[in-house]
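This report describes the pockets of one protein model and one of its hairpins. Please keep the sequence and the structure at hand while reading.

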Amino acid sequence: MSLRVISLNAWGGRVHEPLMRYLQQADPDVLCLQEVTRSPDAASDWLIYRDGTFELPQRANLYEDVKAILPRHETMFAPVARGTLFEGEREVTSEFGLGTFVRNTLPIIGQGLGFVHAQFSADGWGPHPRSRNAHGIRMFRYDAGSAVTIVQMHGLRDLAGKGDTPARLAQAEALSALIEKVWQPGEPLVLCGDLNLLPDSETFAILRSFGLIDLVTTRGFTDTRTSWYPKEGRYADYLLVTPDVKVENFDVVADPEVSDHRALLLEIA
């Protein structure tokens, strides 16, 4: 049996109904979501994120929404910050971060969680570039008789762009340290997420020390964004594997559009 992995920046659930339909139909064994919301005190299903004059609808509890459609998955929410969203003019505290969902037939035999930029912000979203984290899980595949490690990260967003910076170099080093804590050399390794990097970033050279090679760029994909994203610079999301990952299928999903990012779909033999 193949192992199906999906990585997606969920954009706070902005494109909610298509997103829910897609995830339920795709039924991934492992789902790695970035930009996940959780707002325990919200009375409404929808809240508004405000940054100056910019406003963006957000699902109040995207994490709970996804848990509901994947009832046979073990789940973990890893927030990077707690800030303010709005229900009309009422302020609602909300958490924002990573969500990881693993089918309950895949035992988790190791994991690591840590910040790759800054630290947890409990009293607001913080200045840019804001806090970011990564989460790694090592699972055992009974069908394959071996373990596989999957790590996801939401890379820091710099208002100046996606070019290399000292903060991004430090992020790559922190990510490497987390991988070393979870992954056992000689076993398959997958790294995925909205890395917020250009394809020629020095981060990828650092990750090659693990044998990781990106499938997005090496398989000819030139766009990981959807029509919801009108700007230039179409690379953001990546999925990297070690040579011992037996790739059965890989796609940067153009249809359906479930976010301003495309989903990355990997099937491992």
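How many bridges join β3 to β4? The model is predicted, so local features need pLDDT of at least 70 and side-chain atom pairs pLDDT 80 or more, whereas totals for chains, interfaces and linings use all residues. Residues are numbered from 1 along each chain as its sequence is written, and side-chain values use heavy atoms, without hydrogens and water.

β3 and β4 run antiparallel and are joined by 6 bridges; strands are DSSP runs of E with at least two residues, numbered from the N terminus, and two of them pair if DSSP finds at least two bridges between them. Y49 stands opposite L56 in β4. The hairpin has 2 residues between its strands, and G52 takes a positive phi near 70°.

## Largest pocket

The largest pocket has a volume of about 1000 Å³ (a pocket is an open set of points on a 1 Å grid over the protein atoms alone, where a 1.4 Å probe fits, with protein on both sides within 12 Å along at least five of seven lines; lining residues have an atom within 4 Å of a point). The volume is the space filled by probe spheres set on the points, which are joined across faces, edges and corners.

Among the 38 lining residues, W11, E35, F54, R157 and D260 are the closest to the centre of this pocket. β3 (46-51) and β4 (54-59) are among the strands that each supply at least two lining residues, as are β2 (30-38), β5 (73-87) and β6 (90-103).

## Second largest pocket

The second largest pocket has a volume of about 170 Å³. Its lining includes M1, S2, L3, D29, R103 and Y142.

How values were computed. Helices (H or I, at least four residues) and strands (E, at least two) are DSSP runs, numbered from the N terminus.
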